[in-house]
Every structure is written in structure tokens, then in C-alpha cells.
Amino acid sequence: MSDSDHQTPTELTTGSSSSPSLPLLVILALTGFAANSLLCRVALRQPGTIDPVSFTTIRLASGAMVLGMLAGVGGSRKTSRGNWLSAMALFAYAIAFSIAYLRLTAGTGALLLFGVVQLTMLTAGLLAGERPGVLQWLGVIVAFSGLVVLAWRGVSAPDPFAAMLMSIAGVSWGWYSLQGRGSRNPLSDTAGNFARSLPFTVAATLMSIPSARISLQGATLAIASGALASGIGYSLWYAALPRLTATRASILQLAVPLIAAAGGVLFLGEHPAPRLLIAAVAILAGVGLAIRRR
């Protein structure tokens, strides 16, 4: 990891001639992450549309189906197909994410999620020997201050139980991203991880049958989340991860809450609280500092 860190001045502006542009991969993947927050929030904010466990099951199943077909078309069946540890982290993230969004707005949920993701991946990077520069550390401090503003006690602070669940989702997603940095076939590994997560979703579904509810609208939103935002978005993220240090990967993901918050205002009619706007400005400034060229 430390060797790749010395190459970071250009890692977000160039790519090899045989692979897609790294900035394009990152932008598309982060947009997919934000779309997940919006789709999940739309599906769960109206009682009777769909329950969080059913949403997670349909999301992961549809993602596995689409990714399996794409991997087959791409001739990736004989290569690595993910692993059970990553699949378990994927499921833990997805189920905690869905339940938490019963009580969180799209922007607040995304901000909590990727704030914890940042802490998880930064800690792992430091333990692995990465040494961020001064600007990166300054960016981390500024961005993290946005999370502190959001979580500060007050009338509009997030629901404690929902915040705890989203924190669990953040740790799980951070771990999943770290596992992806060693992937040599992103599409095949993402497909394998989605397929391996299905036994966990089946078990969760069986335990929640009494409270299950699925409408056509809810199922459609879950399929869109799984097949498009999750399946394709995650494979793009896995493709970008090997070319990023854990430090930069964690900081870049903090741009997701800004996209989700903007989408919540534009498409869901959410009104951003002052604390969310302050946090968004801090995060944007922090990300800019952290990825600035030396």
C-alpha cells in the first residue's frame, strides 16, 4: 500500500491505456452509491410500500442476477468469484442500511454511512503502513468535523437507533471496500459476492415473514437499487479500488452524502437542516484538500 501512496499525485487524473479512466469510474460509482440512498429512502418512507428486509432481499437478488449475466457475457466465470467474508459484509451493510432508512433522510443517512466508512478505511490504511500527507490529514479533519456537526446533540440530530444501524452499515461497507482492493476481476468478484449473500437474505426473510409487505412500487425500487445502483455501481467501484490507496478511497466516498442530499432536495422534497448544509460544506472542502495534487 505504501508504494502506491507515492504515486497518488496523478492517480485521480490518469489511467492506463488498457483500462477505463479512473475519474470516470469513481464518479459513476459514487453516483450509484448516492442513488441507493435515494431509492431506499423513497421505498421505505411510505408505510405499506415495502419492508426493509424484503427490500434488501430483492435488491441483492436482482443485483446477483444482473451481475451473473454480465460476468457470463464477459467470460469471467472461470476466474475469482468473490468470497464468503466479503459476501457477509455486503449483507450486513445492506440490511442495516435498509432498516436505518426507516428513520433517516437520504442525506443524513448517507452522511452517517460514509463518515463511518472513512474512519474504518483510514484506520485500516494506517495499520497497513499508509502515511497520508499533511493535506490529506487536514482534509480528513475538515471532513470529519462535518460528521461531528451532524451528530451534535439537538432537535434535528439523527435517531440514535437508526444512527447505530447506519454505523454498522458503514463499518461493513468499509471492510467490503478494503477486500475489493485486491480484486483482479471486479465484475466477477462483485457477482460472486452478491450471489454468496443470498443465503443470508433468505434466512432474514424467513425470520421476518410476519411483518413482510411488498407492493409493485416497492419491488420496482428495490430492483432498480440492486440491478443498477448496486450491481453496476459496485462493480465499477471494485474496478477503481485497486488503483486507489485505502486513504483516498475512504475520503472520496465522503462526496456521496452531498450527491444524496442534493438528490433528496431535488427529487424527494426534503428540506436540508442547517446542520446538514454546514456538514456538507465541510465534507466537500475536506475531500478537495485530501485529493489535491502535491
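Modeller: Gladly! Please keep in mind that this is a predicted model. Let us begin with Ser225, whose place is in helix 9, residues 216-240.

Biologist: Is Ser225 buried or exposed?

Modeller: Buried means under 20% relative accessible area. Ser225 has a relative accessible area of 0%, so Ser225 is buried.

Biologist: Which side chains make polar contacts with the side chain of Ser225?

Modeller: A polar contact needs a pair of N or O atoms within 3.5 Å. The side chains of Ser225 and Arg59 make such a contact at 3.4 Å. Another, of 2.5 Å, joins the side chain of Ser225 to that of Asn36. The names you asked for are therefore Arg59 and Asn36.

Biologist: Which residues is Ser225 in contact with, leaving aside its neighbours within four places in sequence?

Modeller: Here contact means heavy atoms within 4.5 Å. With those neighbours left aside, Ser225 is in contact with Asn36, Leu39, Phe55, Arg59, Ser230 and Gly231.

Biologist: Let us move on to Ser86. Where is Ser86 placed, and is Ser86 buried or exposed?

Modeller: The place of Ser86 is in helix 4, which covers residues 84-100. Its relative accessibility is 1%, so Ser86 counts as buried.

Biologist: And which residues is Ser86 in contact with, again leaving aside neighbours within four places in sequence?

Modeller: Helix 4 holds Ser86. Beyond those neighbours, Ser86 is in contact with Tyr176, Gln179, Asn193 and Tyr238.

Biologist: Now for the aromatic rings. How many aromatic pairs are there?

Modeller: Rings of Phe, Tyr and Trp pair if their centres lie within 6.5 Å. By this rule, the count of aromatic pairs is 13.

Biologist: How are the rings of Phe33 and Tyr234 arranged?

Modeller: Their centres are 5.6 Å apart, and their planes stand at 65°. Planes over 60 degrees apart count as edge-to-face. The pair of Phe33 and Tyr234 is therefore edge-to-face.

Biologist: Which helices does this pair of Phe33 and Tyr234 tie together?

Modeller: Both Phe33 and Tyr234 are buried. Phe33 lies in helix 2 (residues 22-45) and Tyr234 in helix 9, so the pair ties together parts 201 residues apart in sequence. The helices are helix 2 and helix 9.

Biologist: What about the rings of Tyr93 and Tyr234?

Modeller: The centres of these two rings are 6.5 Å apart and the planes are at 55°, so the pair is tilted. Tyr93 is in helix 4 and Tyr234 in helix 9, 141 residues apart. Tyr93 is buried, as is Tyr234. The word for the Tyr93 and Tyr234 pair is tilted.

Conventions. Residues are numbered from 1 along each chain as its sequence is written. This is a predicted model: local features need pLDDT of at least 70, side-chain atom pairs count only at pLDDT 80 or more; totals for chains, interfaces and linings use all residues. Side-chain values use heavy atoms; hydrogens and water are left out. Helices (H or I, at least four residues) and strands (E, at least two) are DSSP runs, numbered from the N terminus. Buried means under 20% relative accessible area, exposed over 50%, partly exposed in between (1.4 Å probe, protein chains only). A polar contact is a pair of N or O atoms within 3.5 Å; within protein, one must be able to donate a hydrogen and the other to accept it, and residues adjacent in sequence count only if both atoms are side-chain atoms. Rings of Phe, Tyr and Trp (its six-membered ring) pair if their centres lie within 6.5 Å; planes under 30 degrees apart count as stacked, over 60 as edge-to-face and the rest as tilted.
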